[in-house]
Amino acid sequence: MHQGSIQVLHVDDELQFGELTKTILESEYETFEVITETDPCEALEAINNRDIDCLVSDYDMPEMDGIELLERVREEHSTLPVIL
């Protein structure tokens, strides 16, 4: 993590799309550091263990969809910005 960076957690079950999103966001916004997760449960762990500033999530994922992930995030992190 770089000082002054914005930690964006991107969750998408398609790894290639996640990596493409990371590349685009980090090239467009030099202050963004994008962490990519393909598993919503791993994303919840990252939110609990890292200083995440924003969550960007896919809606259609197999085991836990974006709404379910949002609900789980809100249980512990009610003010974390989420883009679904």
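Strand β2 is largely enclosed by the rest of the structure, because 5 of its 6 residues are buried (buried means under 20% relative accessible area, exposed over 50% and partly exposed in between, with a 1.4 Å probe and protein chains only). Please keep in mind that this is a predicted model, in which local features need pLDDT of at least 70, side-chain atom pairs count only at pLDDT 80 or more, and totals for chains, interfaces and linings use all residues. Residues are numbered from 1 along each chain as its sequence is written, and side-chain values use heavy atoms, leaving out hydrogens and water.

**The sheet**

- The open sheet has 4 strands in the order β2-β1-β3-β4, with parallel pairing (strands are DSSP runs of E with at least two residues, and helices are runs of H or I with at least four; two strands pair if DSSP finds at least two bridges between them).
- β2 (32–37) and β4 (82–83) stand at the edges with a single partner strand each, so one side of each has no neighbour in the sheet.

**Partners of β1**

- β1 and β2 run parallel and are joined by 6 bridges; here V8 stands opposite V34 in β2.
- β1 (residues 6–11) also runs parallel to β3, with 4 bridges between them, and H10 faces V56 in β3.

**Around E63**

- E63 sits in the loop between β3 (54–57) and α3 (66–76).
- E63 counts as exposed because its relative accessibility is 77%.
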